[in-house]
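Dear colleague,

Please find below the structure that I am handing over to you. My notes on it follow.

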Amino acid sequence: RVYYLSLEFYMGRTLQNTMVNLGLQNACDEAIYQLGLDMEELQEIEEDAGLGNGGLGRLAACFLDSMATLGLAAYGYGIRYEFGIFNQKICGGWQMEEADDWLRYGNPWEKARPEYMIPVHFFGHVQHGPDGVKWADTQVVLALPYDTPVPGYRNNVVNTMRLWSARAPNEFNLKDFNVGGYIQAVLDRNLAENISRVLYPNDNFFEGKELRLKQEYFVVAATLQDIIRRFKSSKFGSRDPVRTSFDAFPDKVAIQLNDTHPSLAIPELMRVLVDIEKLDWDKAWDVTVRTCAYTNHTVLPEALERWPVHLFETLLPRHLEIIYEINKRFLDKVYSKFPGDLDRLRRMSMVEEGSVKRINMAHLCIVGSHAVNGVARIHSEILKATVFKDFYEFEPHKFQNKTNGITPRRWLVLCNPGLAEIIAERIGEDYIADLDQLKKLVSHVDDEGLIRDVAKVKQENKLKFAAYLEKEYKVKINPNSLFDIQVKRIHEYKRQLLNCLHIITLYNRMKREPSKHFVPRTVMIGGKAAPGYHMAKMIIKLITSIGDIVNNDPAIGDRLKVIFLENYRVSLAEKVVPAADLSEQISTAGTEASGTGNMKFMLNGALTIGTMDGANVEMAEEAGQENFFIFGMLVEDVDELDRKGYCAKDYYDHIPELKQAIDQMSSGFFSPKQPDLFKDIVNMLMYHDRFKVFADYEAYIKCQDKVSALYKNTKEWTKKAIMNIACSGKFSSDRTIAQYAREIWGIEPSRQKLPAPDEPRE
């Protein structure tokens, strides 16, 4: 069995996905219609399950869909947060956060399983005695599982996502009752139950808070007890009424760690095997390493988990001892291979010395796993060449690549039925569970009928989205304009600021040459900023402020509009993606590990403007460079610029249009009431921009000019869009999961259909 451990599962809505995968959509639509109701209206009532921040959490959701569709016996394990990612409100151009009370009206898709409740221990101290080690005087929190079904695509497979909720035990705080302390003791139950209260809203950023460490241990400890219970009670290949030997454990159990967030699975499994099951260390270690595998999601240093030792000492004292022991034994092995190389020992240690001693969780994951993977080819190469270079030299066999993917059920069939249908008319509908079949469309690329149909579906999707924007947000947009879309979390490395500079440049050109013909554009930018990320919040304010100027300038008319898409989330992505003409994937080369939004746009017939970063590299390779708008520095160029020293002022001084845009931001052109509002942004761009926005400005503007020129020729544009769709098969999460299954978990995927529940079984 495969256990996918993640602190995030960004599931979105479930109703339509369930109907699609069960093949019930048409029947349900018809039945609801006959009741005088509208299915789409009903679907809009469901809350998103927003138990994730962005890519990492949404990847987990796509993976669950693909694992069920490929017939794997797989479980997703995580936390049932009472409050998911905050709802974003834009007030006066600023982001405001609102709690996401998604369970307020109940959740029909989950089933509580109190019979599988599990105790999780915190604090206490360690006793070393003749009978081994005891972790004593701990505080107990109960983990109550809630199961959500995960249906495969029309194969009658239904897997399970099990999310844990924290509950205080009934004796909580009552044993140390002080006079009149009963009421307070009951109220204090909240302290234990806060563990599953709220999702930490940081994307690609580590915040070393005790509550977060509690969450990480809580999900790991509950899940491992569940895994071991299931292993012991399984009769397969064992004559004992209960399994006692763990020899077969790595052959029966695969644990995938989604980033380092569940990294405590490694010392926790060691603790259970050594302290409770009484295996000797070396046997336990062999079992642990062969069972666990680790997926890395980022190379940004601020995102790497480095927990202060003092937090471990109080919260998880036994786990700290185990980590020290793992580290000591590991460094001994390194020393025997590289005798005398003390600097290598320091670099590779799990324990970082400094003003505060820290545990480097990525190092723990690499040492404690049999496989380590990046999430796109370029990212996996960067891991081996830089961040984990020492570890690659020591154990090269561990390092793999697994390029991310997306599920074509949600991200084509569900969100874009019009396009799914015209594809099925040409090549049949088997492609939905075998996306490589889209390659068959290549031979139809010159088919006038297909070109017309693809363009027509895109136009319908644009009209529908324009109507939605008008209804929900009272904004009118020109549906004949080029829909230029950048939706993702707001982060400096994703360079929404580069997009802003293009908008300003376009605006200035229109003002400079009022009579010249410009290809009309509607630029839409959406995404949430972490509540504590000041620069990201300023970027949102800049976007909305640019919109206030541009959208209200009569000289511009509807040739240029700037829309900030409020509260971007899975259910909004399902509406935006099918309507996009141009997908913006413009991170500094070497910073976006993969990206997955890029794949959704490609599959839905948008063209991409992007840097050679993350999965963009492989997307351009599949579709052909001529069907892709590639610009900007390569990883090698960025490295070279770092060696040389990046000087933003050089670009500012030598590119007049860039200077004009920056001067307008500085002078208060976009913030007349507060002229120095954007001084922080300008100062960052000019003097400490880690992501080198100015260095790619000129290439970006030129590339955008090529985009506009091509958009004038609808037929040529649409042919390139068809080529992109036809070449997007590689980016199905079915392909990704088949590779994990064969190359990491050691199991074969299968598209065999199980008998339906009402069919007789053999």
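A polar contact is a pair of N or O atoms within 3.5 Å. The model is a predicted one, and that definition applies to the first residue described here.

**R358**

R358 belongs to strand 17, which covers residues 358-360. A polar atom of its side chain lies 2.7 Å from the backbone oxygen of R306. Along the chain, R358 and P308 are separated by 50 residues, yet their C-alpha atoms are 4.3 Å apart in space. Beyond its neighbours within four places in sequence, R358 is in contact with F206, R306, W307, P308, V309, M350, V351 and E352. The relative accessible area of R358 is 22%, so this residue counts as partly exposed.

Is Q256 buried or exposed? Its relative accessible area is 0%, and Q256 is therefore buried. This residue sits in strand 13 (residues 254-258). Its side chain is joined to that of T295 by a polar contact of 2.9 Å. Setting aside neighbours within four places in sequence, the residues in contact with Q256 include Y3, Y4 and L5, as well as A293, Y294 and T295. Further contacts of Q256 are N373, Y740, I744 and W745.

T403 is found in the loop between strand 19 (399-401) and helix 17 (408-414). With a relative accessible area of 2%, T403 is buried. A polar contact of 3.0 Å links the side chain of T403 to the side chain of N401. Not counting residues up to four places away in sequence, T403 touches V375, A376, R377, A615, E618, F731, R735 and T736.

**P301**

P301 lies in the loop between strand 14 (292-295) and strand 15 (306-308). This residue is exposed, with a relative accessible area of 52%. P301 and Q184 are 117 residues apart in sequence, and the distance between their C-alpha atoms is 43 Å.

**Helix 1**

Six of the eight residues of helix 1 (residues 15-22) are buried, so this helix is largely enclosed by the rest of the structure. The buried residues are Q16, N17, T18, M19, V20 and N21. Which elements cover the buried residues of helix 1? Among them are helix 2 (25-34), helix 3 (39-43) and helix 4 (55-69), together with strand 11 (139-151) and helix 17. After helix 1 comes G23, which has a positive phi near 70°.

Most residues other than glycine have a negative phi. R154 is not a glycine, but its phi is positive, at about 50°. R154 lies in the loop between strand 11 and strand 12 (158-167). Its relative accessibility is 36%, so R154 counts as partly exposed. K278, also a residue other than glycine, has a positive phi near 60°. The place of K278 is the loop between helix 9 (265-276) and helix 10 (281-291).

**Two helix pairs**

How do the axes of helix 18 and helix 19 cross, and at what angle? The axes of helix 18 (residues 417-427) and helix 19 (residues 448-473) come within 9 Å and cross at roughly 165°. Angles over 145 degrees count as roughly antiparallel, which means that helix 18 is roughly antiparallel to helix 19. The crossing is right-handed. Helix 18 contributes G418, L419, I422 and R426 to the contact, and helix 19 contributes G449, L450, D453, V454 and V457. By class, five of these residues are nonpolar, two are polar and two are charged.

Helix 20 (residues 496-512) and helix 21 (residues 534-551) pack at an angle of about 15°, and their axes are 10 Å apart. Helix 20 is therefore roughly parallel to helix 21. Helix 20 and helix 21 have a left-handed crossing. From helix 20, the residues Q496, L497, C500, I503, I504 and Y507 take part in the contact. They meet I539, L542, I543, I546, I549 and V550 in helix 21. The residues of this contact divide into 11 nonpolar, one polar and no charged.

With kind regards

Key:
Residues numbered from 1 in each chain as written. Predicted model: local features only at pLDDT ≥ 70, side-chain atom pairs only at ≥ 80, totals over all residues. Heavy atoms only, no water. Axes fitted to C-alpha atoms, helices over the stretch in contact; angles between N-to-C directions. Helix = DSSP H or I, 4+ residues; strand = E, 2+ residues; numbered from the N terminus. Parallel < 35°, antiparallel > 145°, perpendicular 65-115°, else oblique. Left-handed = near helix turned anticlockwise from the far one by under 90°. Contact = heavy atoms within 4.5 Å. Nonpolar A, V, L, I, M, F, W, Y, C, P; charged D, E, K, R; others polar. Buried < 20%, exposed > 50% of the residue type's maximum accessible area, 1.4 Å probe, protein only. Polar contact = N/O pair within 3.5 Å; in protein donor to acceptor, adjacent residues only side chain to side chain.
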